[in-house]
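Subject: The two-chain model, with notes

Hi there,

Here is the model I promised to pass on, with sequence and coordinates together.

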Amino acid sequence: MSQTSEIPSTVHPRNDDSFSSSALNTDPPRSDAGRNSAALTRSEFPAVSVRDATKSFVRPDLPPIEAVDAVSMDVDLGEFVVIVGPSGCGKSTLLNIIAGLVEPDTGNVSLQGKPGAQRIGRVAYMHQIDLLLPWRNVLSNATLGLEIAGIARADADAKATELAQRFGIADFLNAYPATLSGGMRQRVALLRAVLPDRDVLLLDEPFKALDAITRAELQRWLSDVLDRTTRATVMVTHDVEEALMLGDRVLVMSPRPGRIVLELDVDLPRPRPRDIVRDSKFVDYKWQLLSALDDDLTH
Amino acid sequence: MSSQQQIKELTTPVDASIPASSEHTFAIRARSFIRAWGSAMLLAALGLVLWEILVRVLDVQTWILPPVSLILAELADKPDLFLRHASVTAQEILIGFAVSMTFAGVMATAMFWSRLLERSVYPFLIASQTIPVFTLAPMLLIWIGTGIAPKIVVVVLFTFFPVTINLMTGLKSVDSDMVDMFRTLGASRWQMFTKLYIRSALPYLFAGLKVAAVVSVIGAVIGEWVSAASGLGWLIKTSTPKFQTELVFAAIFTLSVMAALMFIAIALLQSRILRNYPGSNAQGGES
């Protein structure tokens with residue numbers, strides 16, 4: 001008897017309203033009660049809080065890989081945090097932990113102060129590759145998350161069509177992924193990730209597969225698109241300049257096992273033009289990040 | 001403010017006239033058809049002509065090997081006969097095919113949801129293919145009689161395997177990154193099944209259906225061989241001892257045409273349904 005009464009306090013319903021709203025959405029499909037309670041908790045707790053997360057992967061006949069070692073980080077709503085680190089340092093594992101795809105061995109993740117036991121599906125996640133469904137056109141790829149959430153087709157389409165303007169893909173809504181360039185496909189993938197209005201957005205090296213020119217263009221585009229929102233964004237990259245172009249705060253991760261070795265507040269105005277790379281502050285930041293990365297490589 | 005305005009201005013209904021995929025005109029289709037099948041058709045024509053010439057030059061008896069012209073004459077002479085028997089066989093094939101597809105769909109779906117079921121049933125699916133169906137067919141006669149049912153069962157025994165195995169392989173070959181993507185969107189297992197797994201498995205399903213289409217004809221003939229009063233298999237069986245060789249060849253020709261038509265129908269359906277799949281490898285990404 002006493003056991004059954006305890007369960008509801010630890011189990012969080014999948015569609016808890018407090019995780020479903022953001023400033024992008026002025027007319028949320030869900031009830032207002034959830035929004036209000038979210039607004040109350042918003043100022044007190046960070047959108048994402050990772051505490052002492054450790055994760056290693058067991059391999060047969062080989063020593064286990066320690067991917068992430070005692071990582072703690074907080075991200076507030078409206079903040080853009082970039083994690084920089086060498087390849088294979090466990091950055092993606094950290095994102096997977098935040099997303100709920102992977103549970104840490106020790107430590108925990110909370111969303112707005114609540115334990116994120118069932119956070120999978122409440123955190124928007126954009127992967128390195130676009131993962132668009134080839135049998136769906138751009139519009140129905142973009143609305144996949146809304147469709148899964150049970151939102152009516154007409155509403156989902158309207159919402160996607162509106163946002164597609166800002167994303168620069170409005171002319172391609174009927175096109176199929178195979179006919180699009182890599183940069184366009186990434187835009188669609190981001191639109192799909194942000195449409196369900198999660199408070200947290202994870203970006204796992206979103207421009208990795210793109211050429212340098214498209215990459216620079218999409219970096220500018222991304223800061224344009226996301227500056228108008230108040231979600232918490234965490235991006236992973238191995239590109240120091242990309243981190244400084246986009247981030248409010250940059251965390252440097254060491255090679256495996258991944259630890260956070262430097263936390264840098266980026267005090268640069270927004271929007272950041274391309275020539276900000278010549279700004280002495282930018283150069284200074286860049287040097288700090290590079291030497292933090294170098295330190296780890298030499299030790 | 002200006003950006004808000006801009007968004008309002010730009011938010012117009014999507015233009016439906018945007019060309020989604022390249023338009024295939026009839027001429028382009030015809031040309032690609034000739035490119036795909038032209039050489040095979042030419043080879044077939046060459047073989048038939050050679051057959052005709054050799055039979056005539058070497059003066060082969062028609063009851064041993066009739067010339068092509070005689071076989072075609074036989075077909076043209078008795079269209080009713082062939083049509084009647086072909087429709088019986090076609091019925092067995094189509095019903096058997098439908099049963100196989102249903103069976104494959106149910107099996108593969110059940111195995112997707114239950115690993116235990118998969119582990120216990122899969123070995124028997126493989127084992128079932130070691131049974132020589134030809135020896136089983138007379139037993140079917142004893143078990144379920146002489147009607148259409150035993151023929152359908154033989155067709156099913158021939159066709160369920162390629163369809164089921166391919167469908168299962170397709171369901172298992174879904175990209176794990178795609179699964180993760182669906183999970184982060186909050187998809188339930190059922191949503192993943194309907195929106196991801198089935199769609200990803202379709203190219204595999206069609207590959208299985210093509211194999212099944214061809215072997216289904218063999219199944220129907222074997223079914224008719226054991227006991228039947230009509231059908232192309234029965235026609236072949238009863239005409240051979242009577243040395244009506246041209247009739248036998250005409251019936252075989254009809255069977256081949258039926259198998260080819262089945263195959264083509266499935267291929268057309270496939271190219272229609274899978275027209276946006278880039279090959280069988282259905283992933284995006286630049287590499």
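In chain B, 36% of the 287 residues are buried, where buried means under 20% relative accessible area, exposed means over 50%, and partly exposed is in between (1.4 Å probe, protein chains only). For chain A the buried share is 55% of 299 residues.

Before the details, some housekeeping. This is a predicted model, in which local features need pLDDT of at least 70 and side-chain atom pairs count only at pLDDT 80 or more, while totals for chains, interfaces and linings use all residues. Residues are numbered from 1 along each chain as its sequence is written, chains are lettered from A and ligands numbered from 1 in the order in which they are written, and side-chain values use heavy atoms, with hydrogens and water left out.

**The two chains**

Chain B has 11 helices and zero strands, and reads α-α-α-α-α-α-α-α-α-α-α along its sequence. Chain A has 10 helices and 10 strands. Helices (H or I, at least four residues) and strands (E, at least two) are DSSP runs, numbered from the N terminus. Taking contacts (heavy atoms within 4.5 Å) with a separation of 6 or more, residues 24 or more positions apart account for 74% in chain B and for 70% in chain A.

A salt bridge here is a side-chain nitrogen of Lys or Arg within 4 Å of a carboxyl oxygen of Asp or Glu. Over all chains, the count by this rule is 23.

One of them joins A:Lys55 to A:Asp105, with 3.3 Å between the closest N and O atoms. A:Lys55 sits in strand S1 (residues 48–59) and A:Asp105 in the loop between helix H3 (91–99) and strand S4 (106–111) of chain A, so this pair ties together parts 50 residues apart in sequence. A:Lys55 is buried at 13% relative accessible area, whereas A:Asp105 is partly exposed at 43%.

Another salt bridge, at 3.7 Å from N to O, connects A:Glu205 with A:Lys91. Here A:Glu205 belongs to the loop between strand S7 (200–204) and helix H8 (212–227) of chain A and A:Lys91 to helix H3, so the parts tied together are 114 residues apart in sequence. Both ends are buried: A:Glu205 has a relative accessible area of 6%, and A:Lys91 has 4%.

A:Glu263 and A:Arg249 also pair up, at 2.7 Å from N to O. The two are 14 residues apart, with A:Glu263 in strand S10 (residues 260–265) and A:Arg249 in strand S9 (residues 249–253) of chain A. A:Arg249 is buried at 8% relative accessible area, and a network of salt bridges links A:Arg249 and A:Glu263 with A:Glu79.

**A residue in helix H10 of chain A**

A:Gln288 lies in helix H10 (residues 280–298) of chain A and is partly exposed, with 30% relative accessible area. Leaving out residues up to four places away in sequence, A:Gln288 touches A:Leu262 and A:Leu264. From A:Gln288 to A:Leu264 the C-alpha to C-alpha distance is 8.6 Å, across 24 residues of sequence.

**Inside chain B**

B:Ser216 is in helix H9 (residues 189–226) of chain B, and is buried with a relative accessible area of 0%. What does B:Ser216 touch, not counting residues up to four places away in sequence? The list is B:Ile93, B:Phe97, B:Val155, B:Thr159 and B:Met262.

In helix H10 (residues 232–239) of chain B, the residues B:Leu232, B:Gly233, B:Leu235, B:Ile236 and B:Ser239 are buried. They cover an arc of only 160° around the axis, which puts them on the same side of H10(B); the arc is that of the directions from the helix axis to the C-beta atoms. Their cover includes helix H4 (79–113), H9 and H11 of chain B.

**The largest pocket**

The largest pocket holds about 1500 Å³ of space. Its lining has 34 residues, and those nearest its centre are B:Phe33, B:Trp37, B:Ile264, B:Ala267 and B:Leu268. On a 1 Å grid over the protein atoms alone, a pocket is an open set of points where a 1.4 Å probe fits, with protein on both sides within 12 Å along at least five of seven lines, and lining residues have an atom within 4 Å of a point. Grid points are joined across faces, edges and corners, and the volume is the space filled by probe spheres set on the points.

Helix H2 (26–57), helix H3 (68–77) and helix H11 (245–273) of chain B each supply at least two lining residues. By type, the lining divides into 24 nonpolar, seven polar and three charged residues; Ala, Val, Leu, Ile, Met, Phe, Trp, Tyr, Cys and Pro count as nonpolar, Asp, Glu, Lys and Arg as charged, and the others, Gly among them, as polar.

Best wishes
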